[in-house]
Amino acid sequence: MRMSQKPKPSHGLAACPGCAEPLDSGDRFCGACGYDLSAVPAAGIGPDRPTVAIGTPVNWPDAPPREPGSLSTMTQHPGDLPGTDSGGHDLPADGTAPAPAATGDFELAAPDPRAAVRVDDPVPAPGAAPAPVSAQGQAQQAPAPGSAPAPAPGAAHGDGLCVACRAGRVDTDGYCENCGHAQPRERDHMERELGGVAAVSDRGLRHHRNEDAFAVSATTLPDGSPATLAVVCDGVSSATRPDEASAAAAEAAGAALCAALPRGTHPQQAMHEAIVAASEAVNSLAEKAADGEPHRNAPACTIVGSVVADGLLVVGWIGDSRAYWVPDDRTAPAARLTEDDSWAAQMVAAGLMNEAEAYADERAHAITGWLGADAYELDPHTVAFKPDRSGVVVVCTDGLWNYAEGPEDMARIVPADAADRPLHGARVLVGHALDGGGHDNITVALVPFAVPPQGAGSA
């Protein structure tokens with residue numbers, strides 16, 4: 001049995017937010033009205049704390065009443081988001097941003113030796129033979145509503161240019177008219193740009209197929225203001241049909257966000273619901289064993305997503321795919337916005353190893369959280385930020401961050417004009433991973449965040 005390593009924090013409430021019934025600290029639901037207390041962010045506990053300075057509250061529209069079939073019983077509002085830094089301290093009154101922590105800030109229990117983990121593409125040892133590479137690819141899954149359309153055959157790279165020489169056009173037979181290079185199949189290399197957000201995914205140099213997937217979309221809030229989103233999923237290679245798992249999760253999460261945000265659902269709650277929808281989509285792929293239980297090696301994947309809307313930056317994840325914050329002003333500190341659900345992260349959190357030792361271990365990439373029918377429990381992480389400056393969110397799989405792990409490393413390779421040219425920036429980042437060896441599938445999405453000028457709305 002695979003067990004979660006993340007402790008369940010107390011809700012920290014004396015009374016139910018729905019009916020004012022008195023509560024005990026261990027309650028997960030209100031005994032009177034059934035209110036889901038696990039959706040309430042506990043002050044000072046868990047990952048739902050900002051690590052980038054929060055400014056004035058966002059005037060977020062009220063969400064409609066909960067529908068009976070919705071995934072959650074709670075919609076969060078701006079006042080629910082705590083205003084603390086990554087250490088749990090109150091933000092400075094002058095609005096200056098404290099230096100963010102290099103990693104996320106939620107706590108993990110000491111590792112349980114009985115807990116099982118999944119191994120997801122460990123970095124090969126120096127000198128190890130590369131895995132065989134074939135020319136086979138997978139058909140592109142249907143995009144989520146509002147997302148960019150799938151590329152036409154023979155133009156999987158997005159603009160019809162050869163992915164090798166970037167000069168010749170691709171013929172109908174899939175070869176470059178200039179250099180003759182055979183082009184990748186649609187899922188081997190995918191590119192999308194829509195509404196100012198862009199993503200690129202590549203099979204890499206050592207895998208026979210691409211087991212990553214993504215969704216990028218642009219939509220509007222009830223007041224007509226724009227919202228952009230990106231979801232990146234990484235199939236767990238030790239599971240069955242990991243490519244199907246990642247595609248199903250990305251499609252479901254993207255569709256859920258595109259449906260929830262225009263209704264006025266707070267982005268942090270929308271992200272939570274999107275991860276739940278992604279989990280259900282992956283669970284539906286599992287085959288049943290003879291005893292009726294899901295197959296023990298059911299399709300599985302990780303997920304990370306980001307939403308930028310009305311001055312808020314929201315990130316949600318399960319697993320070891322990551323999100324980074326890179327400000328346009330590179331003299332300001334970059335930050336990692338997520339914390340891995342992995343063996344290495346647990347070793348560091350428990351004080352048993354430092355980061356260098358943990359990530360050098362062959363067990364480093366064994367994950368302790370994932371989407372899949374055989375996951376012990378679903379425990380999405382969500383965080384909400386209010387950056388005080390413009391920048392770009394890097395949403396990626398470990399196929400990229402293995403080659404730029406620290407926030408300062410990621411900031412160093414993100415092009416200076418990434419916010420203005422996100423597709424170009426995503427291509428550069430994928431190229432960096434390929435130049436480094438491309439041992440894994442590589443997927444990265446760039447979501448620009450712009451702070452409006454003073455007097456132009458939320459800042």
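Tutor: Six strands, in the order β2-β3-β14-β13-β8-β9, form an open sheet with antiparallel pairing. Strands here are DSSP runs of E with at least two residues, helices are runs of H or I with at least four residues, and both are numbered from the N terminus. Two strands pair if DSSP finds at least two bridges between them. Strands of a sheet pair through backbone hydrogen bonds, either parallel or antiparallel. The edges are β2 (189-194) and β9 (335-336), each of which pairs on one side only.

This is a predicted model, in which local features need pLDDT of at least 70 and side-chain atom pairs count only at pLDDT 80 or more, while totals for chains, interfaces and linings use all residues. Residues are numbered from 1 along each chain as its sequence is written, and side-chain values use heavy atoms, with hydrogens and water left out.

Consider β13 (residues 391-396) first. All of this strand, 6 of the 6 residues, is buried, so β13 is largely enclosed by the rest of the structure. Buried means under 20% relative accessible area, exposed means over 50%, and partly exposed lies in between (1.4 Å probe, protein chains only). On one side of β13 the buried residues are Gly 391, Val 393 and Val 395, and on the other they are Val 392, Val 394 and Cys 396, which leaves both faces covered.

β13 is joined to β14 by 6 bridges, and the two run antiparallel. Within that pairing, Val 395 has Ala 445 in β14 as its bridge partner. β13 also pairs with β8, again in the antiparallel sense and over 6 bridges; here Cys 396 in β13 stands opposite Arg 322. Strand β3 (residues 197-202) pairs with β14 in the antiparallel sense over 5 bridges, with Val 200 opposite Val 444 in β14.

The whole structure contains 2 aromatic pairs. Rings of Phe, Tyr and Trp (its six-membered ring) pair if their centres lie within 6.5 Å; planes under 30 degrees apart count as stacked, over 60 as edge-to-face and the rest as tilted. The ring centres of Trp 325 and Phe 449 are 6.0 Å apart and their planes stand at 80 degrees, so this pair is edge-to-face. Trp 325 belongs to strand β8 (residues 322-327) and Phe 449 to strand β14 (residues 442-449), so the pair links distant parts of the chain, 124 residues apart. Trp 325 is buried at 3% relative accessibility, and Phe 449 is buried at 4%.

The other pair is made by Tyr 359 and Trp 401, with ring centres 6.1 Å apart and planes at 90 degrees, so it too is edge-to-face. Tyr 359 in helix α4 (residues 355-360) and Trp 401 in helix α5 (residues 398-401) are 42 residues apart, and their pair also links distant parts of the chain. Tyr 359 is buried, with a relative accessible area of 16%, and Trp 401 is buried at 1%. Arg 322, the residue opposite Cys 396, places its charged end over the ring of Trp 401, 3.4 Å from the ring centre. A charge sits over a ring if NZ of Lys or CZ of Arg is within 6 Å of the ring centre and within 35 degrees of the ring normal.

Now the nonpolar cores. A nonpolar core is a set of buried Ala, Val, Leu, Ile, Met, Phe, Trp, Tyr and Cys residues joined through side-chain atoms within 4.5 Å. The largest has 35 residues, and Leu 257, Ile 303, Val 307 and Leu 371 have the most contacts inside it. At least two residues of this core come from each of β5 (226-235), α1 (242-260), α2 (267-283), β6 (300-309) and β7 (312-318), and α1 gives the most, with 11 residues. A second, separate core of 32 residues includes Val 200, Trp 343, Val 392 and Ile 442.

As for the chain, there are 7 helices and 14 strands, and 52% of its 459 residues count as buried. Among contacts with a separation of 6 or more, 69% are between residues 24 or more positions apart, where contact means heavy atoms within 4.5 Å.
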